[in-house]
Protein chains: 2
Amino acid sequence: MRNDDFIAGCAELAMLLEVSATPKPGNVDRTHDFQDVTYEHFLASAVGISPVFKKAASTRFQIGDLIFDAVNASTQWQKAGNCHFGATVLLIPLCVAAGKSSKLSQLKQKVVGVVKNTTSADAVQFYKSFHCVDVRVQERHFLDVKDPKSLQTILDQDLTLYKIMQLSSPNDTLAREWVEGFPRTFHGSQLMQQYFQSGLSVNDSIVQLFLKLLGEFPDTLIAKKWGMEVAREVSTTARGVMRDGDVQDFDRDLVQRKINPGTTADLVIASLFVTLLGGLRY
Amino acid sequence: MRNDDFIAGCAELAMLLEVSATPKPGNVDRTHDFQDVTYEHFLASAVGISPVFKKAASTRFQIGDLIFDAVNASTQWQKAGNCHFGATVLLIPLCVAAGKSSKLSQLKQKVVGVVKNTTSADAVQFYKSFHCVDVRVQERHFLDVKDPKSLQTILDQDLTLYKIMQLSSPNDTLAREWVEGFPRTFHGSQLMQQYFQSGLSVNDSIVQLFLKLLGEFPDTLIAKKWGMEVAREVSTTARGVMRDGDVQDFDRDLVQRKINPGTTADLVIASLFVTLLGGLRY
């Protein structure tokens with residue numbers, strides 16, 4: 001298997017394993033759909049984006065163009081919109097970094113270089129990709145993604161995509177991953193290896209990983225939809241469930257309240273990518 | 001999206017949708033595993049084989065080599081062996097045919113040409129690929145796949161892979177697809193379109209397709225494991241379930257008796273491939 005095929009496969013399989021893991025409280029999984037997006041939409045989205053990951057691994061394309069391409073590729077076979085926007089924001093630079101060195105030990109250093117080297121052209125493409133998806137964003141950001149003038153501001157001020165992520169990072173865990181060198185991603189990957197090596201199945205390892213990351217990091221998507229207080233409450237509950245709770249009950253409660261920890265799912269996907277790249281076979 | 005990416009994606013998504021459809025009586029689906037092979041093994045196998053479908057769509061490689069490659073690629077991330085051997089035997093020539101013409105109306109004619117043009121070198125590679133998988137085969141075939149002398153016989157008698165399929169066709173539905181021009185595959189694709197257009201979900205359309213094909217064609221894998229009488233009995237039950245039965249009961253019964261209609265799953269995958277290639281979006 002070619003190296004770019006392997007990298008793209010790790011990214012795609014990470015998406016498939018994440019959405020399949022059950023019970024994964026509050027999110028679409030193989031046992032429950034949302035009204036407007038189903039499990040099968042996520043499967044099709046992952047298959048659609050895979051060639052873009054392969055392009056990323058070839059290291060010949062720009063991050064902004066790749067994120068833009070991924071948004072369109074996601075809907076090749078499904079009509080529920082881009083179900084993997086957040087995951088893509090993490091996976092694209094990780095795939096580029098993996099393409100630059102086959103040594104896993106260098107991945108962290110490489111991905112830091114990749115995101116720091118982004119340009120204002122990447123930022124423009126990133127902003128344009130928002131027009132193709134319905135992504136929940138901060139409303140008071142001085143660069144409103146719904147305002148076409150933002151594109152001119154980006155170019156006038158030479159704001160790189162890395163700089164945009166710095167601006168967003170106080171309220172966005174994914175942006176913080178970019179700025180801080182993907183610490184939650186690599187931390188999650190270590191956890192995944194531990195859970196799997198302890199004898200848990202792939203499914204149960206991912207469920208544990210999800211609960212653990214949700215407990216540690218209040219979910220950005222929940223915070224944007226329901227406020228930080230709710231996000232913190234959900235994290236507290238997740239920690240309790242890991243100690244001695246019922247994950248099925250937790251799932252039912254979140255689904256009923258329409259609270260979905262989508263950013264945690266993105267972190268889980270990025271962590272699984274690193275774990276698969278590191279040689280996980282099951 | 002490039003055409004070979006699109007073709008490979010259709011093949012891979014067909015595999016993912018088939019294994020995900022539930023309840024799919026007797027086979028691994030998203031709600032039940034077998035002891036030695038789980039749902040996650042099928043996901044990883046599909047992702048692993050995808051680059052081989054892309055090679056097939058480029059039309060620059062030999063069918064036998066591609067089938068051999070697919071066997072190895074299947075286990076890139078999973079250790080349960082090749083879960084998709086039968087599906088690959090159908091999908092590889094279909095992908096090659098799709099790569100030769102973008103017109104769906106020409107697919108049938110093209111795939112007939114592809115399988116008829118196979119050589120004894122393809123047959124040798126096909127036989128070699130059996131050594132990498134644990135596939136149930138007829139024991140009294142004069143070309144025993146477990147006997148290395150068979151490879152010499154193939155070359156001495158210039159037996160093409162198409163000829164081998166002709167020899168196997170009386171007792172093997174997949175071989176019959178090759179010899180007869182994939183009639184069940186195209187029939188299944190028309191059924192899938194009808195079910196989906198009638199308003200059924202993707203999942204329920206696939207379950208209906210599975211039951212319908214199982215009812216029409218006694219399953220080869222069941223016949224090889226349990227005898228043709230059992231295979232016919234299962235087909236009769238499938239027809240009854242479609243009229244007024246309980247598909248969950250049927251599933252439980254087959255799982256308990258370890259009767260798995262694996263060849264029907266292969267036909268469903270091939271049918272889904274043609275449907276996706278024809279433009280199915282959901």
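Student: Which residues of helix α8 of chain B are buried?
Tutor: In this predicted model, Leu161(B), Tyr162(B), Ile164(B) and Met165(B) are the buried ones in α8(B), which runs over residues 161-168.

Student: How do you know on which side of α8(B) they sit?
Tutor: Look at the arc around the axis: they cover only 160°, so they lie on the same side of α8(B).

Student: And what covers the buried residues of α8(B)?
Tutor: The cover includes α3 (63-73), α5 (107-116), α6 (120-130) and α9 (173-180), which belong to chain B too.

Student: Let's move to chain A. What makes Phe182(A) buried or exposed?
Tutor: Count the C-beta atoms around it. Phe182(A) has 26 others within 10 Å, and the cut-off for buried is 20 or more. So Phe182(A) is buried.

Student: Where is Phe182(A), and what is its phi?
Tutor: Phe182(A) sits in the loop between α9 (173-180) and α10 of chain A. Its phi is near 55°, a positive value in a residue other than glycine. Most residues other than glycine have a negative phi.

Student: What about Thr59(A): why is it called partly exposed?
Tutor: Thr59(A) has 15 other C-beta atoms within 10 Å. Buried needs 20 or more and exposed needs 12 or fewer, so Thr59(A) ends up partly exposed. Thr59(A) also has a positive phi, near 60°, and it is in the loop between α2 and α3 (63-74) of chain A.

Student: How do you know whether Asn171(A) is buried or partly exposed?
Tutor: Asn171(A) has 15 C-beta neighbours inside 10 Å, so it counts as partly exposed. You'll find Asn171(A) in the loop between α8 (161-168) and α9 of chain A. From Asn171(A) to Leu221(A) there are 50 residues in sequence, and 10.0 Å in space between the C-alpha atoms.

Student: What is the peptide bond between Thr22(A) and Pro23(A)?
Tutor: That one is cis, with omega about -5°. Pro23(A) belongs to the loop between α1 and α2 of chain A. In chain B, the bond from Thr22(B) to Pro23(B) is cis as well, with omega near -5°, and Pro23(B) is in the loop between α1 (3-20) and α2 of chain B. Most peptide bonds are trans.

Student: Why is α11(A) called mostly covered?
Tutor: Because of the 15 residues of α11(A), 12 are buried, where buried means 20 or more other C-beta atoms within 10 Å. Among them are Val202(A), Ile206(A), Phe210(A) and Leu214(A).

Student: What do the buried residues of α11(A) pack against?
Tutor: They pack against α1, α10 (183-197), α13 (228-244), α14 (247-256) and α15 (262-277) of chain A, together with α2 (39-57) of chain B. As for its span, α11(A) reaches 21 Å from its first C-alpha to its last, close to the 21 Å expected at 1.5 Å a residue.

Student: How many helices and strands does chain A have?
Tutor: Chain A has 15 helices and zero strands.

Student: How do you know how the two copies are related?
Tutor: Chain A can be laid on chain B by a turn of 180° and a shift of 0.0 Å along the axis, with an RMSD of 0.0 Å. The copies are thus related as by a two-fold rotation axis. Arg30(A) is the residue of chain A that comes closest to the rotation axis, at 3.4 Å (C-alpha).

Student: And what makes you say through which surface the copies meet?
Tutor: 100% of the interface residues of chain A are also interface residues in chain B, so the copies meet through the same surface.

How values were computed:
Residues numbered from 1 in each chain as written. Chains lettered and ligands numbered in written order. Predicted model: local features only at pLDDT ≥ 70, side-chain atom pairs only at ≥ 80, totals over all residues. Helix = DSSP H or I, 4+ residues; strand = E, 2+ residues; numbered from the N terminus. Expected span 1.5 Å × (residues − 1). Contact = placed C-beta atoms within 7 Å. Least-squares fit on C-alpha atoms with pLDDT ≥ 70 in both. Arc of directions from axis to C-beta.
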